[in-house]
Amino acid sequence: MHQTAATPPPADGGDQSFLALERELSVFLRRARATSGEMAREVHPELEPAAYGLLVLLADTGRQRATDLASYIGVGKATMSRQLRALDELGLVTRTPDPADGRASLVELTEEGRARFVRVREARRGEYVRRLEGWDRGEIGELARLLHQLNVSLGG
C-alpha cells in the first residue's frame, strides 16, 4: 500500500514510541506554557508569557541581534519586534546599534531586567530541585542532553 502525507503508517512497535513521545510532549508543553506565564508575571506583571523565553536566551547568551533571536526561537521579524518593543518599554532590555552593521541593533538585558530574571530563575531552579529530588543527577543531565538534541533536530 502506498503511503501519502495524509495517510499515516500503521501503528506498530516503533510507531508506538513516537505516539508516546507526542503524548508526553503535549502534556509537557501545556504545563510549560502555564509555568512560563507564571514566571513571566513574576518577572513583571505586564510581561507576556511568550517573551519569557527571550529573557532566558538573553541571560544565557548575552547581546544578540533581533534577527538571530527570531531565528532561534522560530518566530517572524514582526513578532520579535513587537516582543522586544514590549520588553524595552518595561525596562527589561535595551537596544544598541550593532557596530558590525549600523542598520541592525543588539539587544541585551538591562541591569533591572537581569536582576528580576535571575530572582525568578533561581526560585524556579529551587522548584526543579525539590520536584526532582528522587532523580539521579545523571538522569537529569541525560534528560537535558536529549531535550537539547530534540531542540536542535526540530530547529531545522
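Colleague: Which helix is Gln83 found in?

Modeller: Gln83 sits in helix α4. Helices (H or I, at least four residues) and strands (E, at least two) are DSSP runs, numbered from the N terminus. Before we go on: this is a predicted model, where local features need pLDDT of at least 70, side-chain atom pairs count only at pLDDT 80 or more, and totals for chains, interfaces and linings use all residues. Residues are numbered from 1 along each chain as its sequence is written, and side-chain values use heavy atoms, with hydrogens and water left out.

Colleague: Is Gln83 buried or exposed?

Modeller: Gln83 is buried, at 6% relative accessible area. Buried means under 20%, exposed over 50%, partly exposed in between (1.4 Å probe, protein chains only).

Colleague: What is Gln83 in contact with, leaving aside neighbours within four places in sequence?

Modeller: Glu48, Ala50, Ala51 and Leu54. Contact means heavy atoms within 4.5 Å.

Colleague: Now the core. How many residues are in the largest nonpolar one?

Modeller: The largest nonpolar core has 23 residues. Such a core is a set of buried Ala, Val, Leu, Ile, Met, Phe, Trp, Tyr and Cys residues joined through side-chain atoms within 4.5 Å. Helix α2 gives the largest share of this core, 6 residues. Leu47, Leu55, Leu69 and Leu87 have the most contacts inside the core.

Colleague: And the sheet, what is the strand order?

Modeller: β1-β3-β2, an open sheet with antiparallel pairing. β1 (64–65) and β2 (93–98) are the edge strands, each pairing on one side only. Two strands pair if DSSP finds at least two bridges between them. Between β2 and β3 (residues 101–109) there are 6 bridges.

Colleague: Where is Asp98?

Modeller: Asp98 is in strand β2. Asp98 counts as buried, at 9% relative accessibility. Its side chain makes a polar contact of 2.9 Å with that of Arg65. That term means N or O atoms within 3.5 Å; within protein, one must be able to donate a hydrogen and the other to accept it, and residues adjacent in sequence count only if both atoms are side-chain atoms.

Colleague: How many salt bridges does the structure hold?

Modeller: 12. Each is a side-chain nitrogen of Lys or Arg within 4 Å of a carboxyl oxygen of Asp or Glu. One of them joins Arg121 and Asp60, at 2.8 Å, N to O. Arg121 is in helix α5 and Asp60 in helix α2, so this pair ties together parts 61 residues apart in sequence.
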